[in-house]
Amino acid sequence: MAIGAVVGALIVIAVLGVKSPPDGARSDAGKPAASGETSGVTAQSAAERTPGAESDHPLPGCSGESCLGREPQTMNCQWDAKTVRLLYLRGLRIQLRHSAACQAVWGRLENGAIGDGVIITDKGSRTEDSTIRVDRDTYTRMLSVAEYPLSTISICGVIPKVKEQECDPPQDAPQP
């Protein structure tokens, strides 16, 4: 009886042509979020993709000045983002993230505690900041780098409990 069940299952598999995805690939539902940041967009229509593009990621929703004060994940700027500066402060990981497609940056703080924060400022004194309210991570809204080079953006991590702050470039250093 057990042999019959196994043979029956093999016949069903052979007839239906059920195959596992190559190289352990999974459907979109099983994909992990990229870099701990999620977009809230998990599926997209073919019309949202660039024809001939190699990526299945949605197109950015803003570029340059139109990204000011907007959420990087909501605008799909996280897909090509790279960490262009990295600081550490008492175990905090403070990152300046840059999206070339969006021509924008944002600050990200990982491994912090409630109350810890991250601040970014551009050469024009526009600032975005974020404080951890839940869990251990947070990120700011975006600033444009269409007008100012990346080297003019400052990023700071702040731990108010111990009155410590780490910035790059340091606060007393002249800006380019």
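1. Pairing and strands. Two strands pair if DSSP finds at least two bridges between them. Strands themselves are DSSP runs of E, at least two residues long, while helices are runs of H or I of at least four residues; both are numbered from the N terminus.

2. Ground rules. This is a predicted model, in which local features need pLDDT of at least 70 and side-chain atom pairs count only at pLDDT 80 or more, while totals for chains, interfaces and linings use all residues. Residues are numbered from 1 along each chain as its sequence is written, and side-chain values use heavy atoms, with hydrogens and water left out.

3. Four strands make an open sheet in the order 5-4-8-9, with antiparallel pairing. Strand 5 (127–131) and strand 9 (164–168) are the edges; each has a single partner strand, so one side of each has no neighbour in the sheet. From one strand to the next, the twist averages 15°. Angles here run from 0 to 180 degrees between N-to-C directions, with axes fitted as lines to C-alpha atoms, for helices over the stretch in contact. Strands of a sheet pair through backbone hydrogen bonds, either parallel or antiparallel.

4. Strand 8 and its partners. Strand 4 (residues 117–121) and strand 8 (residues 154–159) run antiparallel and are joined by 5 bridges. Strand 8 is also joined to strand 9 by 5 bridges, again antiparallel. Strands 8 and 9 form a hairpin with 4 residues between them. In that turn, Lys163 has a positive phi of about 55°.

5. Which residue of strand 9 stands opposite Cys156? It is Cys167. Cys156 and Cys167 also form a disulfide (cysteine sulfur atoms within 2.5 Å). Their sulfur atoms are 2.0 Å apart. The torsion about the S-S bond is about 115°, so this disulfide is right-handed. Cys156 lies in strand 8 and Cys167 in strand 9, so the pair ties together parts that are 11 residues apart in sequence. Both Cys156 and Cys167 are buried. Buried means under 20% relative accessible area; exposed is over 50%, and partly exposed is in between (1.4 Å probe, protein chains only).

6. The other disulfides. The count comes to 3 disulfides. Cys77 and Cys102 form one of them, with sulfur atoms 2.0 Å apart. At -95° about the S-S bond, the Cys77 and Cys102 link is left-handed. This pair links distant parts of the chain, 25 residues apart: Cys77 sits in the loop between helix 1 (2–16) and strand 1, and Cys102 in the loop between strand 2 and strand 3. Cys77 and Cys102 are buried. Cys62 and Cys67 form a disulfide too, with sulfur atoms 2.0 Å apart. Their link is right-handed, with 100° about the S-S bond. Cys62 counts as buried at 6% relative accessibility, and Cys67 at 0%. Numbered in sequence order, the bonded cysteines pair 1-2, 3-4, 5-6.

7. The cores. A nonpolar core is a set of buried Ala, Val, Leu, Ile, Met, Phe, Trp, Tyr and Cys residues joined through side-chain atoms within 4.5 Å. The largest one has 15 residues. Those with the most contacts inside it are Leu92, Ile94, Leu96, Val105, Leu109, Ile120 and Ile155. Strand 1 (82–89), strand 2 (92–99), strand 3 (104–110), strand 4 and strand 8 each give two or more residues. Strand 2 gives the largest share, 3 residues. Another core, of 9 residues, lies apart; among them are Cys62, Cys77, Cys102 and Ala104.

8. Val105. Buried or exposed? At 0% relative accessibility, Val105 counts as buried. Val105 is in strand 3. Leaving out residues up to four places away in sequence, Val105 touches residues including Leu96, Ile120, Met142, Leu150 and Ile153. Contact means heavy atoms within 4.5 Å. Val105 and Pro72 are 33 residues apart in sequence and 8.5 Å apart in space, C-alpha to C-alpha.

9. Gln95. This residue lies in strand 2. Gln95 counts as buried, at 1% relative accessibility. A polar contact of 2.7 Å joins the side chains of Gln95 and Glu110. Such a contact is a pair of N or O atoms within 3.5 Å; within protein, one must be able to donate a hydrogen and the other to accept it, and residues adjacent in sequence count only if both atoms are side-chain atoms. Beyond its neighbours within four places in sequence, Gln95 is in contact with residues including Thr83, Leu86, Trp106 and Ile155.
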